[in-house]
Amino acid sequence: MKFTLRIWRQDYARSSGRLVRYVVDGISEDMSFLEMLDVLNERLIADGEDPVAFDHDCREGICGMCGMMINGVAHGPQQATTTCQLHMRHFDPNRAITIEPWRAKPFPVIKDLIVDRSALDRIIEAGGYISAPTGSAPDAHAIPVPKADADDAFTAAACIGCGACVAACPNGSASLFTAAKVTHLGLLPQGQAERATRALNMLGTQDALGFGGCTQTGECTVACPKEIPLETLARLNRDVLTASVSVGRRNVRP
Ligand code: SF4
Ligand code: FES
């Protein structure tokens, strides 16, 4: 198959970018989207041109590195699928494909399709450690966890930190990401000691980093390749409200 691509090219964060048209040939329907970009880059390198910079690592849908906007949709048209797991059979060769980086103020473009998502790491850091005894790990069944809580915690822990929720949100909010990180510890016994301060610190850091506020549009959960559910946001709001009453702001780091 042959595809026409319109790809965002930008040399560095403060330079201006532009969409550049490319035609890429010899694409099989079984190739992943990133493999299609590999074919384009091999040709660009052979022609002495600058290859398109894009992020990737595992190419198995688990590391969260590969996000990009494909025809205006975070991670492209296939629900619950990261860009690296998306295949070219889902695209019509007669229609040009527009490829852009995540667009959000806290995610500055580094080059082409690569953005700096380290703001998400700052939110996780703000969550701090859990208080747990040192020494050898206890047996897994030593602390009883209700099945429903274990399932919900596992669902939240599936977040891979890709940032698609931020890119899809009209407010540029990271609330689904933050909610997932708060929830997967907050539902488990080991996460209780710092549950209140963790929720306040992570949400406070998210706001301080310039992410927008959540207005529950639900775009985040639709774009999420790990299908983190919307009720995760309700858990975050409940934890923050409870923590605001029980802790106030006295233990919250700036
Ligand atoms: S909540 Fe979903 S979309 Fe947001 S960072 Fe986690 S995996 Fe990605
Ligand atoms: S490259 Fe790891 S999730 Fe896509």
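These are my notebook entries on the fold of one protein.

**Ground rules.** I am working with a predicted model, where local features need pLDDT of at least 70, side-chain atom pairs count only at pLDDT 80 or more, and totals for chains, interfaces and linings use all residues. Residues are numbered from 1 along each chain as its sequence is written, chains are lettered from A and ligands numbered from 1 in the order written, and side-chain values use heavy atoms, without hydrogens and water.

**Overall.** I looked up the secondary structure and found 8 helices and 7 strands (DSSP runs, H or I of at least four residues for helices, E of at least two for strands, numbered from the N terminus). The C-alpha atoms fill a box of roughly 60 × 40 × 35 Å along the principal axes. I then checked burial: 45% of the 254 residues are buried (under 20% relative accessible area, 1.4 Å probe, protein chains only).

**The sheet.** I traced an open sheet of 5 strands. Its order is S2-S1-S5-S3-S4, and its pairing is mixed. Two strands pair if DSSP finds at least two bridges between them. Strands S2 (18–24) and S4 (73–74) are at the edges with a single partner strand each, so one side of each has no neighbour in the sheet. Further in, I looked at S3 (residues 69–70) and S5 (residues 97–100), which pair antiparallel over 2 bridges. There, Ile 70 stands opposite Ile 99 in S5.

**The helix on it.** Helix H1 (residues 33–46) packs on the sheet. I listed the strands that H1 touches: S1 (3–9), S2, S3 and S5 (contact means heavy atoms within 4.5 Å). The direction of H1 makes about 90° with that of S2 (lines fitted to C-alpha atoms, for helices over the stretch in contact; angles run from 0 to 180 degrees between N-to-C directions).

Technical notes: Buried means under 20% relative accessible area, exposed over 50%, partly exposed in between (1.4 Å probe, protein chains only).
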